Amino acid sequence: MNFFYVMNGRKIKRYFFIMAAIVFSVGVIYAERDNITVFAPQQPAAIYSVPTDKKVIALTFDISWGDKRTEPILDILKENNVKQATFFLSSPWSQSHPDIVKKIVDAGYEIGSHGHKHDNYSKLSDEEIRTQITTAHSILSNLTGKKPNLIRLPNGDFDKRVLRIAEQLNYKVIQWDTDSLDWMNIGTDKIIDRVVTRAHNGDIILMHASDSVKQTHEALPAIVTQLRAKGYEFVTVSGLIAQTEVDGKSVNEQAPSTLGNRLDAAE
């Protein structure tokens, strides 16, 4: 006996659209598999600022060469009673200037890593990235007696691989939301204006203490005074992160062309 299954046109259409939707969804998931976080643990991200209602802000200073600018900046911070700030130190510079590193540590400021070789890490192999971070970690730990867990990568350059490897090595990648542009030596007044007008709750401010920046120490007293007048309290980057859930401005990848060579002269 033969059996015939009869389906009307409406049912055929419905099944067709369901199948098409399934195929489309699978295609989207495959194409966007690196960007989807709904079905996977959250991807590591760089921290640009921290969402908070508190008027807290982190002053950060990158150093990778020279011995003339750091100590005046330390003196200004002390004179203005700024007890919390974060210094990102390159390990070759730190090896060459252990006395200055000691002064930063003795002043109670937080030490973060600025890596070892000053290069764009996104161009390196996985093993090279790991070597650069661990080499800097070992040097800074020996010099400071503390193990850093924050890193600002040379030139602010990274990609997803760098973020992943940094996380595996228990590092948080720290960027910035306000760039003072002190590395361009744009003038004391302009540096002050950029920082004071752009600063906001939970902000991470980028400055430098390498010899190439000639106006940071001149701008710093007014920056501190004017930010305090607006009610801001200065904290370390770790202190900033600890105050709230890290769910602010962050990205999984920053194109090297955006920041690639932009800090070479300053650092």
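Residues are numbered from 1 along each chain as its sequence is written. In this predicted model, local features need pLDDT of at least 70, side-chain atom pairs count only at pLDDT 80 or more, totals for chains, interfaces and linings use all residues, and side-chain values use heavy atoms, with hydrogens and water left out.

**Exercise 1.** Describe how H2 packs against H4.

*Solution.* 
Step 1. Helices (H or I, at least four residues) and strands (E, at least two) are DSSP runs, numbered from the N terminus. H2 covers residues 70–79 and H4 covers residues 98–106.
Step 2. The two pack at an angle of about 15 degrees, with axes 11 Å apart. Axes are lines fitted to C-alpha atoms, for helices over the stretch in contact, and angles run from 0 to 180 degrees between N-to-C directions.
Step 3. H2 and H4 are therefore roughly parallel to each other (angles under 35 degrees count as such).
Step 4. Contact means heavy atoms within 4.5 Å. Thr 70, Glu 71 and Leu 74 of H2 meet Ile 100, Lys 103 and Ile 104 of H4.
Step 5. By class, this contact has three nonpolar, one polar and two charged residues. Ala, Val, Leu, Ile, Met, Phe, Trp, Tyr, Cys and Pro count as nonpolar, Asp, Glu, Lys and Arg as charged, and the others, Gly among them, as polar.

**Exercise 2.** Which residues of H4 are buried, and which are exposed on the face turned away from the buried side?

*Solution.* 
Step 1. Buried means under 20% relative accessible area, and exposed over 50% (1.4 Å probe, protein chains only).
Step 2. Ile 100, Val 101, Ile 104 and Val 105 are buried in H4. They lie on the same side of H4, because they cover an arc of only 140 degrees around the axis; the arc is that of the directions from the helix axis to the C-beta atoms.
Step 3. The face turned away from this side carries the exposed Lys 102 and Asp 106.
Step 4. Among the elements covering the buried residues of H4 are H2 and helix H5 (126–144).

**Exercise 3.** Describe how H2 packs against H8.

*Solution.* 
Step 1. H8 spans residues 216–229, and H2 packs with H8 at an angle of about 15 degrees, with axes 9 Å apart.
Step 2. H2 and H8 are therefore roughly parallel to each other.
Step 3. Pro 72, Ile 73, Ile 76 and Leu 77 of H2 make the contact with Thr 216, His 217, Leu 220 and Pro 221 of H8.
Step 4. By class, the contact has six nonpolar, two polar and no charged residues.

Terms used: Parallel < 35°, antiparallel > 145°, perpendicular 65-115°, else oblique.
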